[in-house]
Amino acid sequence: MGNVNTFLTDEDYRQLNSETGFTEHQIRRLYSRFSHLDKRSKGYLERQDLMLIPELAVNPLGTRIIEAFFTDEKDPRESVETINFRQFVRILARFKRTPKSQQHEMNTEEKKVDFIFKIYDTDRDGKISKDDLGHVLKAMVGLHISNEELTSIVRRTMREADKDQDGFIDLEEFKTALGSIDLDEKMSIRFSQT
């Protein structure tokens with residue numbers, strides 16, 4: 001499946017459907033989108049290819065979101081330089097809105113939380129530091145607040161979320177901090193059914 005010039009087999013569709021819950025039609029559309037982004041027909045995408053997506057290009061967290069796309073699935077502390085079609089679909093599955101009874105391995109709430117955590121964990125050390133949080137919040141608010149206000153928000157957030165007071169927010173503390181936020185609502189893309 002690495003080569004976008006070949007068609008996906010029936011087995012590829014079945015496997016991707018099983019992993020992600022995308023229908024064959026949705027997978028075909030994602031394949032078309034992947035091929036469109038892969039301007040040089042390399043069979044994989046690089047970071048700059050994803051910057052061609054207008055919604056990411058203008059998003060203040062666009063580069064952080066793209067970095068999360070390039071996290072090594074086997075070792076989240078590492079990044080990869082390219083993603084193939086299967087990886088592309090598996091990542092997008094995290095944004096698929098699905099009733100809890102129909103969730104698949106890649107679009108559970110846990111996978112969504114892990115993805116968001118990767119956006120905040122800017123140095124990929126498995127925890128969110130004051131610096132990590134500051135970088136992400138600065139990207140989100142830009143010049144709309146002063147450095148003093150930003151520092152105050154970071155301190156307050158760390159004080160509230162860092163339950164064991166070790167100076168970091170780990171994944172479990174992050175999950176707790178997200179609390180009752182409806183991630184399926186906040187973190188979903190509508191994928192056409194037809």
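Close-up 1. E19 is buried, with 11% relative accessibility. The cut-off for buried is under 20%, so E19 falls on the buried side at 11%. This is a predicted model. E19 forms a salt bridge with R86, and the closest N and O atoms are 3.7 Å apart. E19 lies in helix 1 and R86 in helix 6, so the pair ties together parts that are 67 residues apart in sequence.

**Close-up 2. D12 also meets R86 in a salt bridge.** The N to O distance here is 4.0 Å. D12 sits in helix 1 (residues 10-20) and R86 in helix 6 (residues 85-92), so this pair joins parts that are 74 residues apart in sequence. Both D12 and R86 are buried. The two residues belong to a network of salt bridges that links D12, E19, E73, R86 and R90. The structure holds 14 salt bridges.

**Close-up 3. R40 and E46 form a salt bridge.** The closest N and O atoms of R40 and E46 are 3.1 Å apart. R40 is exposed, because its relative accessible area is 55%. The cut-off for exposed is over 50%.

**Close-up 4. F117 and F174 form an edge-to-face aromatic pair.** How many aromatic pairs are there in the model? The count comes to seven aromatic pairs. In the pair of F117 and F174, the ring centres are 5.4 Å apart and the planes stand at 70 degrees. F117 lies in helix 7 (residues 109-120) and F174 in helix 10 (residues 171-178), so the pair ties together parts that are 57 residues apart in sequence.

**Close-up 5. Y31, F34, F85 and F88 make up an aromatic cluster.** Ring pairs link these four residues, Y31, F34, F85 and F88.

**Close-up 6. A patch of positive charge lies on the surface.** Its members are K130, R155, R156 and R159. Which helix gives the largest share of the positive patch? Helix 9 (residues 147-161) does, with three residues. R155 lies in helix 9. R155 counts as exposed, because its relative accessibility is 51%.

**Close-up 7. S41 and R124 have positive phi values.** Most residues other than glycine have a negative phi. S41 is not a glycine, yet its phi is positive, at about 50 degrees. S41 is found in the loop between helix 2 (24-37) and helix 3 (47-50). S41 counts as partly exposed, at 40% relative accessibility. R124 is also a residue other than glycine, and its phi is positive, near 60 degrees. R124 lies in the loop between helix 7 and helix 8 (130-141). R124 is buried, with 15% relative accessibility.

**Close-up 8. I181 sits in a loop between two helices.** The loop runs between helix 10 and helix 11 (183-186). Is I181 buried, partly exposed or exposed? I181 counts as partly exposed, at 39% relative accessibility. I181 and T9 are 172 residues apart in sequence. In space, I181 and T9 are 38 Å apart, C-alpha to C-alpha.

Conventions. Residues numbered from 1 in each chain as written. Predicted model: local features only at pLDDT ≥ 70, side-chain atom pairs only at ≥ 80, totals over all residues. Heavy atoms only, no water. Patch = residues over 30% accessible without salt bridge, like charges linked within 9 Å, V, L, I, M, F, W, Y side chains within 5 Å. Areas by Shrake-Rupley, 256 points an atom, 1.4 Å probe, with all protein chains shown as cover. Salt bridge = Lys/Arg side-chain N within 4 Å of Asp/Glu carboxyl O. Lys, Arg positive; Asp, Glu negative; His and termini not counted. Charge placed at Lys NZ, Arg CZ, Asp CG, Glu CD. Helix = DSSP H or I, 4+ residues; strand = E, 2+ residues; numbered from the N terminus. Buried < 20%, exposed > 50% of the residue type's maximum accessible area, 1.4 Å probe, protein only. Phe/Tyr/Trp six-rings, centres within 6.5 Å; stacked < 30°, edge-to-face > 60°.
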